[in-house]
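You asked for comments on this model. They are set out below as numbered points, to be read beside the coordinates.

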Amino acid sequence: EIKILQAISMFKMFPNNDELQQSKNIIFEHLGIDNASASITIKNFIKKGIVRKGGRFLYISPRPISIHLFNHFIEINGYDFINEMFQKLNNEGLMNSFFEKLQGIQFDTSQHKDLLYQILSKLTYEQISDGFGSKIFYTLCLKDRKYSIRILKTLLEDKTNEDLLKLENGRRYLVYSLEELIAFKDTFVDSVKILFQLARAENESWGNNSKGVFQETFQWILGGTEVNIVKRLDLLKSLYNEFTNDEDRLILLEALRTSYPQDRYMATHKDYANFPEHIPEHYHPETQEEIDAYFEKLKELIIYAYDSSSTELQSKILNDLVQSSRMMMQYSQINIWILDFIEKLLVEHPQLKTLVFKQISMIIKYDKDKKLSQEIVNRLEDLYSQFTNAERIEDVKELFFKTEQYRYNSEEIFESHYKAIAQDILKNKNFNELLDKSTSNVFDIGRELANIDKES
């Protein structure tokens, strides 16, 4: 009777229908169980409530008894015995059910660990690629984190981007596995590096693909790991130094952008229900020193990335900073520094001037009286005035033609701009400027030109 219960306990759901009768016979035969008497015994167990039916399958209840029986089975039967049975079965569904059951138990004996090492050490890249091997890896990766990540590094270390672009069926469970492993300090670095390796050869389109998980890992808060943000940014800097191709660095710069302070932090939901192992909480700063250290490291990384990047990537870095500046302005550790950094570099990247003006305008309009210190308000208003009080008509046009009216915080300034531009157009007869499809606020200039014509 114990052998029958152990046979059922081996699987998350044990087969119990005509279609899988042959598989059930193979399992019983391998365990030395008489099939005829087993059917009678199982019916008695069902009557007593020890074994329960779930559709076409059986399972043991309560769950702790099932786990105890399964653990005992592993302790008395080694890898070779279990492997031989599955060779006979040749049924991927039952093998999945076995590994799902295996996922839910603690590996705290030498027999458990021997089984783990035997399974993981025999995994091949081909098995990982076809999907089934990566699912096995996922179910076992937390049983011995360091050993698991070492196995995965070995399997992927010589693979090119072209190889990994072809890694499709097995990719999803590899990403799931790495999501779990980045949570821990001792496997964080290797897991992030493998995620980046997959991200460089991304072939999935959804948000929680390898690229998305990699970038989310560098969020200040809800990064999916217990690792301090400063150490995460150090790793990002190290990767930026190691990979010099612009295409690779674009992925890293997206991670840098993700590390900036945000209004709302979001993370993909992770279901840990099937893992008996403790998963650490997300890192969260607990002291002022940690917060200050984060901003100092952020400034260091921004400067390093900018100074070592191509002109195109420098423009992206500045663009991302400008886009994120509204939240930055709320932190005294970085707000003045960011404005100095952006203003100093606008000469080299004049195409960003309009974007900077729009951001400053929005910050003054919506945050001036609520979230900002007087020092930063004064600085923002000074910058705003530098844009709106430009002496050169070319600078006025550049701002006016690319900025929606509502971005102006003053009707008087908006009016003075379109009147000055109208006078310049009339004087120099350069009406073609008004025909550009990307030009904003043409109606106001046209109306002003009409008024001038009437008065003359």
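Predicted model: local features only at pLDDT ≥ 70, side-chain atom pairs only at ≥ 80, totals over all residues.

1. Totals for linings use all residues, whatever their pLDDT.

2. The sheet. Three strands form an open sheet in the order β1-β3-β2, and their pairing is antiparallel. The edge positions belong to β1 (14-15) and β2, each of which has a single partner strand, so one side of each has no neighbour in the sheet. Strands of a sheet pair through backbone hydrogen bonds, either parallel or antiparallel.

3. The β2-β3 hairpin. Strand β2 covers residues 51-54 and strand β3 covers residues 57-60; the two run antiparallel and are joined by 4 bridges. Within this pairing, V51 stands opposite I60 of β3. The hairpin has 2 residues between its strands, and G55 takes a positive phi near 65°.

4. The bond from S61 to P62 is cis, with omega near 5°. P62 is placed in the loop between β3 and α4 (63-76). Most residues other than glycine have a negative phi, and most peptide bonds are trans. The S61 to P62 bond is cis, and it deserves a look when you go through the backbone.

5. Positive phi at N90. This residue is not glycine, yet its phi is positive, near 50°. N90 is found in the loop between α5 and α6. Is N90 buried or exposed? Its relative accessible area is 69%, and N90 is exposed because that value is over the 50% cut-off.

6. Positive phi at K429. Here too a residue other than glycine has a positive phi, in this case near 55°. K429 is in the loop that lies between α24 (411-428) and α25 (442-455). K429 counts as exposed, since its relative accessibility of 58% is over 50%.

7. S23, a buried serine. S23 is part of helix α2, which spans residues 21-30. Its relative accessible area is 10%, under the 20% cut-off, and therefore S23 counts as buried. Which residues does S23 touch, if those up to four places away in sequence are not counted? They are L89, N91 and L94. S23 and L89 are 66 residues apart in sequence, but their C-alpha atoms are 6.0 Å apart in space.

8. D444, a buried aspartate. D444 is placed in helix α25. Its relative accessibility is 10%, so D444 counts as buried under the 20% limit. Not counting residues up to four places away in sequence, D444 touches Q405, F414 and Y418.

9. The nonpolar core. The largest nonpolar core has 147 residues, and L102, F214 and I445 are the members that touch the most others in it. For F214, leaving aside neighbours within four places in sequence, the contacts are V192, L195, F196, L236, L239, I251, L252 and A255.

10. The largest pocket. Rolling a probe the size of a water molecule over the atoms shows where empty space is left. The largest pocket holds about 530 Å³ of space. It is lined by 20 residues, and those closest to its centre are N83, M95, Q127, F132 and I136. Two or more lining residues come from each of α5 (79-89), α6 (92-103), α7 (110-121) and α9 (132-140). The largest share is that of α5, with 5 residues. By type, the lining has 11 nonpolar, 6 polar and 3 charged residues.

11. The second largest pocket. About 430 Å³ of space lies in the second largest pocket. Its lining has 21 residues, with L346, K353, L383, Q386 and F387 nearest the centre. At least two lining residues come from each of α20 (335-345), α21 (353-367), α22 (374-388) and α23 (393-400). Which helix gives the most to this lining? The answer is α21, with 6 residues. The lining of the second largest pocket divides into 13 nonpolar, 4 polar and 4 charged residues.

How values were computed
Residues numbered from 1 in each chain as written. Heavy atoms only, no water. Buried < 20%, exposed > 50% of the residue type's maximum accessible area, 1.4 Å probe, protein only. Contact = heavy atoms within 4.5 Å. 1 Å grid on protein atoms, 1.4 Å probe; cavity = no way out; pocket = protein on both sides within 12 Å on 5 of 7 lines; lining within 4 Å. Points joined across faces, edges and corners; volume = space filled by probe spheres on them. Nonpolar A, V, L, I, M, F, W, Y, C, P; charged D, E, K, R; others polar. Pairing = 2+ DSSP bridges. Core = buried A, V, L, I, M, F, W, Y, C linked by side-chain atoms within 4.5 Å.
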